[in-house]
Amino acid sequence: MDNTTKNSSRNNQKSTSDRKAVVDNKPPYNFIKAIIDEDLKTGKYEGRVHTRFPPEPNGYLHIGHAKSICLNFGIAEEYEGGLCNLRFDDTNPIKEEEEYVQSIIDDVKWLGFDWGDRLYYASDYFEQMYDYAVQLIKSGKAYVCDLSAEEIRRFRGTLKEPGKESPYRNRSIEENLDLFQRMRAGEFPDGSKVLRAKIDMKSPNLNLRDPVMYRILHASHHRTGDAWCIYPMYDWAHGLEDSIEGITHSLCTLEFEDHRPLYDWFLDALGIYHPQQIEFARLNLSYTVLSKRKLLQLVNEGHVSGWDDPRMPTISGFRRRGYTPESIRDFAERVGIAKRDNIADIALLEHAVRTDLNKHTPRVMAVLDPLKVVIVNYPEDQVEEMEAINNPEDAAMGTRMVPFSREIYIERSDFLEDPPKKYFRLAPGREVRLRYAYYITCVDVIKDADTGEIVELHCTYDPQTRGGSSPDGRKVRGTIHWVSVKHAIHAEIRLYDRLFTVPNPGAEKDFKSFLNPHSLDVLTNCKLEPSLKDASPGSRYQFERQGYFCVDTVDSTPERLVFNRTVPLRDTWAKIEKAQRRK
């Protein structure tokens with residue numbers, strides 16, 4: 001390891017014999033862990049395990065990044081003394097913003113990971129990278145080229161044809177040093193010159209055909225301001241950052257596999273500490289897109305309200321929708337680490353969040369499409385408190401009292417005037433159970449004289465059935481939820497669905513033509529039980545018989561509550577798993 005390597009990379013070093021993978025709650029084994037285990041066995045990297053998560057601050061992180069976060073930080077957590085850095089690859093000042101930096105920090109913290117004192121930026125190393133570039137020039141392995149971007153592409157050749165050497169390839173070392181220094185000094189306009197590595201224009205790997213290392217860009221950087229007007233290309237910066245920080249295993253997605261020889265060439269040409277790059281399949285998710293370019297289109301063109309729109313596959317979008325960090329980490333573990341790209345079923349992600357929310361969220365009653373019911377034989381001024389279970393999965397969450405009165409709201413869909421054979425909810429002359437309350441029977445249907453729409457139901461109740469059971473043991477097949485009219489609080493409910501109508505919209509020529517027109521349905525006349533009056537932004541609930549919901553963190557106020565549906569109760573993935581078990 002060269003003397004520029006961060007001292008922090010040496011923290012917590014152990015001898016190989018002292019190191020072992022954490023056994024308790026160990027995540028599934030994969031080929032990356034097999035490589036690391038072999039390295040520990042042979043004593044490579046002095047027995048260290050040191051990874052990094054290196055996002056570019058040019059957008060918000062999405063669910064694909066969440067997989068990489070969980071992998072890199074998870075590897076560090078799993079191995080004794082393991083470390084993981086958070087590093088921003090901020091080499092393109094045109095696309096980078098401080099807003100994105102802060103959002104990424106917030107997202108990684110929210111997922112439950114900690115980088116300690118190891119928050120770094122590529123811009124921390126600009127001077128060191130420049131010195132390394134000078135070193136390559138002095139060794140005859142880099143040169144200043146005056147070809148335009150289009151000419152460089154043309155000279156590069158194709159997979160079937162070798163490239164052509166630049167007419168500037170054989171400049172003297174002295175001339176290249178002088179030009180590169182003048183590039184840094186700002187003497188030349190954007191695009192007029194680049195610094196290129198001198199490798200092999202006939203290489204079958206196009207990435208080795210004299211790749212660009214630096215370009216001129218007169219633009220202010222979010223951290224360095226106007227100190228620089230030349231900026232390193234990602235392929236040049238990537239390996240140097242890993243080397244300087246003492247990374248042992250540089251985990252990248254598969255699109256960087258063909259770039260690995262270049263990663264290796266730069267480090268070997270400089271003779272500096274050499275991490276190992278390992279590639280894995282990126283995460284793709286059905287019914288959405290994970291391309292930053294396409295997500296930016298959705299935001300800029302107003303198809304969504306912003307990067308944190310609950311329909312977006314961004315981590316901030318999932319957080320606002322009500323997903324938990326535990327559910328996303330569970331999902332990342334379930335999809336696993338592979339060497340071939342595939343598309344994960346979004347139903348698996350929805351299953352993960354249902355599983356977590358089912359254990360931890362309180363149950364409440366909420367009527368989304370209210371129909372008024374008058375219980376005609378119930379005392380007009382009477383109010384009773386009904387005891388309701390907060391979470392049947394966790395007795396420690398206890399119970400709450402829900403007020404019951406003569407007039408209640410039920411779901412409009414819980415009544416049919418002419419029900420089909422297997423409809424067990426309320427209908428004329430039929431008895432149903434009100435959750436935690438009484439049996440009621442519909443005796444009259446009140447309709448609007450002009451439209452014929454049902455506006456009110458008249459029912460009777462059996463006072464002997466308080467709590468939901470009868471002394472005579474008669475069976476009632478239907479149970480419905482309700483909210484007392486007198487005590488109901490008003491709320492807006494946003495029903496979110498999948499953003500696209502096809503499983504793989506990114507493969508379509510015009511992906512936006514497959515946007516789901518029903519991805520958001522806003523209900524403005526919803527009635528909730530009074531226990532939700534002081535629900536705080538971000539708090540999560542199960543609305544009984546409806547789904548899981550979260551108080552919106554942006555638009556909800558104490559005077560105007562707004563809830564987002566996280567997922568409905570129906571779990572298609574559980575059905576898939578059940579069918580697979582049967583097979």
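By class, the lining of the largest pocket holds 17 nonpolar, seven polar and 14 charged residues. Here Ala, Val, Leu, Ile, Met, Phe, Trp, Tyr, Cys and Pro count as nonpolar, Asp, Glu, Lys and Arg as charged, and the others, Gly among them, as polar. The model is predicted: local features need pLDDT of at least 70, side-chain atom pairs count only at pLDDT 80 or more, and totals for chains, interfaces and linings use all residues. Residues are numbered from 1 along each chain as its sequence is written, and side-chain values use heavy atoms, with hydrogens and water left out.

What is a pocket? On a 1 Å grid over the protein atoms alone, a pocket is an open set of points with protein on both sides within 12 Å along at least five of seven lines. A cavity is a set of points where a 1.4 Å probe fits but cannot get out. Lining residues have an atom within 4 Å of a point. Grid points are joined across faces, edges and corners, and a volume is the space filled by probe spheres set on the points. Rolling a probe the size of a water molecule over the atoms shows where empty space is left.

Now back to the largest pocket. Its space comes to about 1,200 Å³. It has 38 lining residues, and Asn92, Val212, Arg215, Met233 and Tyr234 are the closest to its centre. At least two lining residues each come from helix H5 (149-156), S5, S6, helix H7 (234-245) and helix H9 (292-300). H5 gives the most, with four residues. Helices (H or I, at least four residues) and strands (E, at least two) are DSSP runs, numbered from the N terminus.

The second largest pocket has about 770 Å³ of space. Its lining counts 32 residues, and those nearest the centre are His62, His65, Thr253, Glu255 and Arg282. Strand S1 (50-53), helix H2 (63-78), strand S8 (249-253), strand S10 (283-285) and H9 each supply at least two residues of this lining. H2 gives the most, with four residues. The classes here are 14 nonpolar, eleven polar and seven charged residues.

Next come the cavities. How many are there of 30 Å³ or more? The count is two. The largest cavity holds about 130 Å³ of space. It is lined by 15 residues, with Arg311, Phe318, Arg321, Ile346 and Arg498 closest to its centre. Helix H10 (315-321) and helix H12 (346-360) are the elements that give two or more residues to this lining. Nine of the lining residues are nonpolar, one is polar and five are charged.

Turn to the sheets. Strands of a sheet pair through backbone hydrogen bonds, either parallel or antiparallel. Two strands count as paired if DSSP finds at least two bridges between them.

Leu195 stands opposite Tyr214 in S6.

Another open sheet has seven strands and mixed pairing, in the order S21-S18-S19-S20-S14-S17-S22. Strand S18 (residues 431-434) pairs with S21 in the parallel sense over two bridges, and Arg433 has Thr479 as its bridge partner in S21. Strand S19 (residues 439-447) runs antiparallel to S20, with eight bridges between them. Thr441 stands opposite Thr460 in S20. S19 and S20 form a hairpin with six residues between them, and Gly452 in the turn has a positive phi of about 80 degrees. On to S14. Strand S14 (residues 370-375) pairs with strand S20 (residues 454-462) in the parallel sense over four bridges. There, Val374 stands opposite His458 in S20.

Last, the cysteines. A disulfide is a covalent bond between the sulfur atoms of two cysteines. The search counts a pair of cysteine sulfur atoms within 2.5 Å. Across the whole structure it finds zero disulfides.
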